[in-house]
Amino acid sequence: MTSVQFEPVDPPDAAVAAQARARQDELTKPRGSLGRLEDLSAWVAACQGVCPPRQFQRVRVVVFAGDHGVARAGVSAYPVEVTAQMMANFQAGGAAINVLAETAGAGVRVVDMAVDVDEPLSAVVGAHKVRRSSGNIAVEDALTEAETAAAVQAGRRIADEEVDSGADLLIAGDMGIGNTTAATTLIAALTDAEPVAVIGRGTGIDDAGWMRKTAAVRDALFRARRAGTDPTTLLRVCGGADLAAVTGFLAQAALRRTPVVLDGLIPTAAALLAEQLAPGARMWWQAGHRSTEPAQVLALQRLELEPILDLRMRLGEGTGAAVAVPVLRAAVAVLAEMSTFAEARVSTGP
């Protein structure tokens, strides 16, 4: 199978990043005293191509939802019906991501890529739907070749829609019972890790559930390793429509020069694949938080991304990334609004 083709990704503006670092050294504080905030402010400035950077005006969380056939093997603490039920909760504004996004000044969009229901929640939510549930990756491919390509392209179109509507910071969220099993398999395949080293508790499974999940990942990984490391092939064999869409979304956001805050396990797994499809895309991303899932930590190490927060979160939905947005806003505000030593007439030494 031939991978979906992406254009070369240009990096954020290095000259503007240097200007931002120089300005940080002129602000009324000891040099480097704001730590990671100074690095983040330079990154935002470089992404925007202007120093000082502009405060974010339209932050958008896109929750990619999809069910996975492997959930029927008992790898989750919740039944598969929860995905569709949570879709309605998102739309009603009652989920954690709705609350945390509002706190961060972000909007939420929900996309049904492969929820196991007869009809999507609405025509808008289901506009990009590829199929009803992805296949059970322990015994069969998640998608067909055509479905994989369609899901990646849907993610690209969604990124274009959001950027064209004025989004200046994006977050990819996720919802889907069984999705951590697929994401863990993808990360293990790409990092040559063994299942027991990367499998976490997901939705809070007990020991028996963990053993079932380990067996499912082991079987899926056997199939994946026979298929090779081509990212589109891996998405077809052991991914899913939601993961494929997030992959396209992340790569296209980078091509559109729009920064992204990664959330937990599922978007980080997709990020590994997106970086392969569009090398250099990772320069446009920040890791919002460190998940309790060991596979996510391994993937972030491979991407060379340092999490902004570590709050022992494992919910998904985009919640960890949303909590990190105020930190990014603070970084922008410091660089844009603090006085320099010269402006404040503060002495810099004897």
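This is a predicted model: local features need pLDDT of at least 70, side-chain atom pairs count only at pLDDT 80 or more; totals for chains, interfaces and linings use all residues.
View 1. Helices (H or I, at least four residues) and strands (E, at least two) are DSSP runs, numbered from the N terminus. Two strands pair if DSSP finds at least two bridges between them. S1 runs parallel to S2 (residues 106-114) over 8 bridges, with Arg 60 partnered by Gly 107 of S2. S1 is also parallel to S3 (residues 169-175), here over 7 bridges.

**View 2. Both faces of S1 are covered.** In a regular strand the side chains alternate between the two faces of the sheet. On one side sit Val 59, Val 61, Val 63 and Ala 65, on the other Arg 60, Val 62, Phe 64 and Gly 66, and all are buried. Buried means under 20% relative accessible area, exposed over 50%, and partly exposed in between (1.4 Å probe, protein chains only). With 8 of the 8 residues of S1 (residues 59-66) buried, the strand is largely enclosed by the rest of the structure.

**View 3. Phe 64 meets Phe 249 edge-to-face.** Rings of Phe, Tyr and Trp (its six-membered ring) pair if their centres lie within 6.5 Å; planes under 30 degrees apart count as stacked, over 60 as edge-to-face and the rest as tilted. By that rule there is 1 aromatic pair. Its ring centres, those of Phe 64 and Phe 249, are 5.2 Å apart with planes at 65°, so it's edge-to-face. Phe 64 belongs to S1 and Phe 249 to helix H10 (residues 241-255), so the pair ties together parts 185 residues apart in sequence. Phe 64 is buried at 0% relative accessible area, and Phe 249 is buried at 0% too.

**View 4. Thr 83 sits in helix H3 (residues 81-92).** Thr 83 is buried, at 0% relative accessibility. A polar contact (a pair of N or O atoms within 3.5 Å; within protein, one must be able to donate a hydrogen and the other to accept it, and residues adjacent in sequence count only if both atoms are side-chain atoms) of 2.7 Å joins its side chain to that of Asp 67. The Thr 83 side chain also reaches the backbone nitrogen of Ile 177 at 3.1 Å.

Methods. Residues are numbered from 1 along each chain as its sequence is written. Side-chain values use heavy atoms; hydrogens and water are left out.
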